[in-house]
Amino acid sequence: MSTQIDKQRVELTQLIENHTGNDGIHPTNIPSLSFTRFSDLIGPSYGVYKPSLCLIVQGSKEVLLAQESYVYSPADYLVASVNLPITGQVTKASPEAPYLALKLELTPSEILEVLREYEMGVDKKENAKRGMYVSKIEASLLDAVTRLVRLLDTPKDIKVIAPLIVKEIIYRVLQGEHGGMLKQIAIEGSSTHLISDAIEHIMKNYDQSLKIEVLAEIANMSVSSLHRHFKEVTAMSPIQFQKQLRLQEARSLLLSESGDAAAVGFRVGYESPSQFSREYSRMFGLPPKEDIKRLRGSNNKAINL
């Protein structure tokens, strides 16, 4: 690792330490930017990654997308180009060297603005690409991220300067090894963009019966093309995607409320309590009642990613 990157990471680590202090997820005065700090190994945690850049400055993490594993550390960065239900596990953290990370959420309009301004072409007919990837960090990207985080110490500068640095960060990511994957989400008519419309529909209607024909119509694809492209982007079928959303929401409801497990299952779209319990157990390792009891009685709390 270069000396330049080492110096940048030391500064960024200190900046995040200054703006966290205690474990948890910390929003910042830059609305799209948040920090995460954990002094112990936590997880697994479940949630939906929105389109974002994720960067670790201390510690390491494993993210599961369906059955695919994405491991990253301070040497890497992770990009999600569409909304994806994932499982995350911090794999390296301690009180002496806590896990420290940041997430910068990105929007298709921001990406498209950079593509247009810098005339970065993309082929609309290109096959859909996986909506998540890990790349090696470069000094230019780390420098831009560090300058963005520095703005938190001069809040009056955020409104004017933050959008400019975010634009640079997007440019650096697009120029990276797998930047083409991020380009696709912003281009109307591309396979990835069309699948993102289908994903949005599922997320808004996760508790409703899923009609594949309706989903194919939304994506302007045949049913067979929808299945193929959807799995290419998300690593799962539309039904599997919906199931993960339902179960994540059910767990969140059970933790925040004192409702009956069967009633919560109905709320998230399950018609059979036994099916709900069976699929919940398969995902979280225990039936609903036992899982929530374990979480409430231990320090291994479920974290919303």
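**Sheet, helices and core of the predicted model**

In this predicted model, six strands form an open sheet with antiparallel pairing, in the order S1-S2-S9-S4-S7-S10. Strand S1 (24-27) and strand S10 (132-136) are the edge strands, and each pairs on one side only. Direction ignored, neighbouring strands of the sheet are turned by 20° against each other on average. Four bridges link S1 to strand S2 (residues 33-38) in the antiparallel sense. Ile-25 has Thr-36 in S2 as its bridge partner.

Helix H2 (residues 108-117) has buried residues at Ile-111, Leu-112, Val-114 and Leu-115. These four lie on the same side of H2, because they cover an arc of only 160° around the axis. Ser-109 and Arg-116, on the other side of H2, are exposed. The cover over the buried residues of H2 includes H4 and helix H5 (179-186). Glu-119 follows H2 and has a positive phi, near 50°.

The largest nonpolar core holds 97 residues. Leu-12, Met-132, Leu-148 and Ile-169 touch the most other members. Helix H4 (residues 158-175) supplies the largest share of this core, eight residues. Nonpolar side chains tend to be buried together in soluble globular proteins. With neighbours within four places in sequence left aside, Leu-148 is in contact with Ile-30, Leu-33, Leu-104, Ala-162, Ile-165, Val-166 and Ile-169.

Terms used:
Residues are numbered from 1 along each chain as its sequence is written. This is a predicted model: local features need pLDDT of at least 70, side-chain atom pairs count only at pLDDT 80 or more; totals for chains, interfaces and linings use all residues. Side-chain values use heavy atoms; hydrogens and water are left out. A nonpolar core is a set of buried Ala, Val, Leu, Ile, Met, Phe, Trp, Tyr and Cys residues joined through side-chain atoms within 4.5 Å. Buried means under 20% relative accessible area, exposed over 50%, partly exposed in between (1.4 Å probe, protein chains only). Helices (H or I, at least four residues) and strands (E, at least two) are DSSP runs, numbered from the N terminus. Contact means heavy atoms within 4.5 Å. The arc is that of the directions from the helix axis to the C-beta atoms. Two strands pair if DSSP finds at least two bridges between them. Axes are lines fitted to C-alpha atoms, for helices over the stretch in contact, and angles run from 0 to 180 degrees between N-to-C directions.
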